[in-house]
Amino acid sequence: MSKKLCTFAKSFMDKNDKPILIAGPCSVESREQLQQVTRELTAIPQLRLIRGGVWKPRTRPGGFEGLGEPALQWMKELQESDLRMADGSHVRFCCEVASPEHVALCLHYGINAFWLGARTTANPFMVEEIGEALRGTDTLVMVKNPLSPDLRLWLGAFERIAQVGIKNLAAIHRGFSMYNNQGYRNAPLWELPLHLRRVMPDLPLICDPSHIGGTRKLIEPLSTAAVQLEYDGLMVEVHPHPADALTDAPQQLTPADFAALVKRLADFQTQQPSSADSHLLPLRQQIDDIDHELLRLLAQRMVLSQQIAHVKREQKMTVYQSKRWEAVMDDRLQLASQLNLDADFVRGLLEKIHSESIRVQMD
Ligand code: PEP
Ligand code: MN
């Protein structure tokens, strides 16, 4: 996807003013709940948008599925009220849309910031239909990663939304649904959103620690990890009384806990300046030297692979020699264990080197 498809409204997504904060309840449950959480959240500096689920996709039937239109009416009332965000701007809500009808209703009630949920991103037909409903609108569209770790599916959703002329886009990383979720509600698989950022460096990348973690105690470590990885923002579920929440009760924070987390994250960021650099510089120099040496050694290793290929051709031997490869792997893994290196990491690295060696020998 061309970077040009994504130009971001500075007023909302200024990447220099990190992290962009979005918070609010998993679901809008009553006018009072929405009013209370909005009042408390507007006191938090840096908060850009308030989230609130209006239609809730439930994995299994029987749960609370959201209030629909009445929730939009309460959002509209608050957006038009005297209440202001900490920076003086009007209150602004965002919610999940899962169909063109949802988009039309939101627009009718003056809601113009949306996200596509993980289940919708996984459905190209629905993304296309939602895109058509968005054509010609000046809206912000955030796209959550699909349930499965499929970068192309995620990219495809951006392409479908961008092709109807929506310029204000952002990505939300909410983790991936795996059989083994590594102790999370949804496995983070950080390398995947980081890959997305390499492909689309101008696209704001927002972390949703609530749906990755699934429990309150994981929100802070996950948010800190996102800040460390230079994410552009966070979307966190906040409820005035989390224990009574109708959806996602175990993962929602109180407004006070969220405010305290924001403060700690801001302190963490201001501790980053140049004083760290004088300590880092000599260490980074050594890392640079080691990387250069590793590359020189790899180049030498590839020259040896070419010589081996020559000998194998003369001896009429096949390129791939499974017994030798197994012996090499066993030997290296033993050394890795003595050196306290992670076995999976070393295995992966050697497999990469070996396939490059095979490629060189086949050339
Ligand atoms: C949500 O944000 O409340 C939600 C249902 O998200 P997801 O699509 O990530 O499951
Ligand atoms: Mn939720």
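Predicted model: local features only at pLDDT ≥ 70, side-chain atom pairs only at ≥ 80, totals over all residues.
## Ala259 and helix 10

Ala259 belongs to helix 10, which runs over residues 255-270. Although Ala259 and Glu40 are separated by 219 residues along the sequence, their C-alpha atoms are 9.3 Å apart in space.

## Leu234 in strand 8

Leu234 is part of strand 8, which covers residues 233-237, and with a relative accessibility of 2% Leu234 counts as buried. When its neighbours within four places in sequence are left aside, Leu234 is in contact with Ile20, Leu21, Ile22, Ile206, Cys207, Pro209, Ser223, Ala226 and Leu265. A further relation can be traced between Leu234 and Ser210, which are 24 residues apart in sequence and 9.6 Å apart in space, from C-alpha to C-alpha.

## One face of helix 2

Helix 2 spans residues 69-79, and its buried residues are Ala71, Leu72, Trp74, Met75, Leu78 and Gln79. When helix 2 is seen down its axis, these buried residues fall within an arc of 160°, so they line one face of the helix. The elements that cover the buried residues of helix 2 include helix 1 (31-41), strand 3 (93-96) and helix 3 (100-108).

The largest pocket holds about 620 Å³ of space. Its lining is made up of 16 residues, and those nearest the centre of the pocket are Leu294, Leu298, Leu349, Leu350 and Ile353. Helix 11 (275-314), helix 12 (322-338) and helix 13 (343-362) each supply at least two residues of the lining of the largest pocket, and helix 11 gives the most, with 6 residues. Sorted by class, the lining of the largest pocket has 13 nonpolar residues, 3 charged residues and no polar ones.

The second largest pocket has a volume of about 390 Å³ and is lined by 16 residues, of which Ile308, Lys312, Arg324, Ser357 and Gln361 lie nearest its centre. Helix 11, helix 12 and helix 13 each supply at least two residues of the lining of this second largest pocket, where helix 11 gives the most, with 6 residues. The classes in the lining of the second largest pocket are 7 nonpolar, 5 polar and 4 charged residues.

## Ser305 and its contacts

Ser305 lies in helix 11, and at 5% relative accessibility Ser305 counts as buried. Apart from its neighbours within four places in sequence, Ser305 is in contact with Ser357, Val360 and Gln361. Among these partners, Ser357 and Gln361 are also named with the residues nearest the centre of the second largest pocket.

Which values does phi take at Lys316 and at Asn340? Lys316 has a positive phi of about 55°, although Lys316 is not a glycine, and Asn340, likewise a residue other than glycine, has a positive phi near 60°.

Lys316 is placed in the loop between helix 11 and helix 12, whereas Asn340 is placed in the loop between helix 12 and helix 13. Lys316 is exposed, with a relative accessible area of 76%, and Asn340 counts as exposed too, at 71% relative accessibility, because exposed residues are those over 50%.

How values were computed: Residues numbered from 1 in each chain as written. Chains lettered and ligands numbered in written order. Heavy atoms only, no water. Helix = DSSP H or I, 4+ residues; strand = E, 2+ residues; numbered from the N terminus. Buried < 20%, exposed > 50% of the residue type's maximum accessible area, 1.4 Å probe, protein only. Contact = heavy atoms within 4.5 Å. 1 Å grid on protein atoms, 1.4 Å probe; cavity = no way out; pocket = protein on both sides within 12 Å on 5 of 7 lines; lining within 4 Å. Points joined across faces, edges and corners; volume = space filled by probe spheres on them. Nonpolar A, V, L, I, M, F, W, Y, C, P; charged D, E, K, R; others polar. Arc of directions from axis to C-beta.
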